[in-house]
Amino acid sequence: MERIAFITRVQSFSACHRLHSKSLSDEENRKIFGKCDNPNGHGHNYKVEVTVRGKIDRVTGMVMNLTDLKKHIEEAIMVPLDHKNLDEDVPYFADVVSTTENLAVFIWDSMEKLLPPSLLYEIKIYETDKNIVVYRGE
């Protein structure tokens, strides 16, 4: 019988952004995003959980090598996002509002390019202790 397991690796990074949509007027942005539309931006210490799901290999006993997962997280999350202004430094957010939902999609897409097919299961981002976004590629 093949056994399926989930592996989650946690990574923290710091970044700033401004919640502001180019499709809305300044007044509409202020009304929707409130203080998060501050023209000077604001920052977060994000915590990201990357979860993979797969068969436990009979020879290695692993779903995947954690060293590889750590390298992929470094490339997909830390290099492009840590200590960055999401709106100014990450081309993806030039025309996409840098909400945590969209950040989860960005991380999913970046991780999916690096991992074997169908291995990525979930991206969970803690923007704060109370605000959490889960994305599963849908």
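Guide: Helices (H or I, at least four residues) and strands (E, at least two) are DSSP runs, numbered from the N terminus. His83 lies in the loop between helix H2 (66–81) and strand E3 (84–85). The model is predicted: local features need pLDDT of at least 70 and side-chain atom pairs pLDDT 80 or more, while totals for chains, interfaces and linings use all residues. Residues are numbered from 1 along each chain as its sequence is written, and side-chain values use heavy atoms, without hydrogens and water.

Visitor: Which elements does the protein have, and in what order do they run?

Guide: The protein has four helices and five strands. From the N terminus on, their order is β-α-β-α-β-α-α-β-β.

Visitor: Why is His83 called exposed?

Guide: A residue is buried under 20% relative accessible area, exposed over 50%, and partly exposed in between (1.4 Å probe, protein chains only). His83 has a relative accessible area of 63%, and therefore counts as exposed.

Visitor: Why is the pair of Phe6 and Tyr121 called edge-to-face?

Guide: Rings of Phe, Tyr and Trp (its six-membered ring) pair if their centres lie within 6.5 Å; planes under 30 degrees apart count as stacked, over 60 as edge-to-face and the rest as tilted. The structure holds six aromatic pairs. In one of them, the ring centres of Phe6 and Tyr121 are 4.9 Å apart and the planes stand at 75°, so the pair is edge-to-face. Phe6 belongs to strand E1 (residues 4–17) and Tyr121 to strand E4 (residues 120–126), so that the pair links parts of the chain 115 residues apart.

Visitor: Are Phe6 and Tyr121 buried, exposed or partly exposed, and what are the values?

Guide: Phe6 has 47% relative accessibility and is therefore partly exposed. Tyr121, at 28%, is also partly exposed.

Visitor: What describes the pair of Phe13 and Tyr46?

Guide: Phe13 and Tyr46 are 4.9 Å apart centre to centre, with 20° between the planes, and this aromatic pair is stacked. Phe13 lies in strand E1 and Tyr46 in strand E2 (residues 42–55), so the pair ties together parts 33 residues apart in sequence. Both residues are buried.

Visitor: What sits over the ring of Tyr126?

Guide: The charged end of Lys47 does, at 4.4 Å from the ring centre. A charge sits over a ring if NZ of Lys or CZ of Arg is within 6 Å of the ring centre and within 35 degrees of the ring normal.

Visitor: What makes E1 and E2 a pair of strands?

Guide: Two strands pair if DSSP finds at least two bridges between them. E1 and E2 are joined by 14 bridges and run antiparallel. His17 stands opposite His42 in E2.

Visitor: How many bridges join E1 to E3?

Guide: E1 and E3, which run parallel, are joined by two bridges. In E3, Asn85 is the bridge partner of Cys16.
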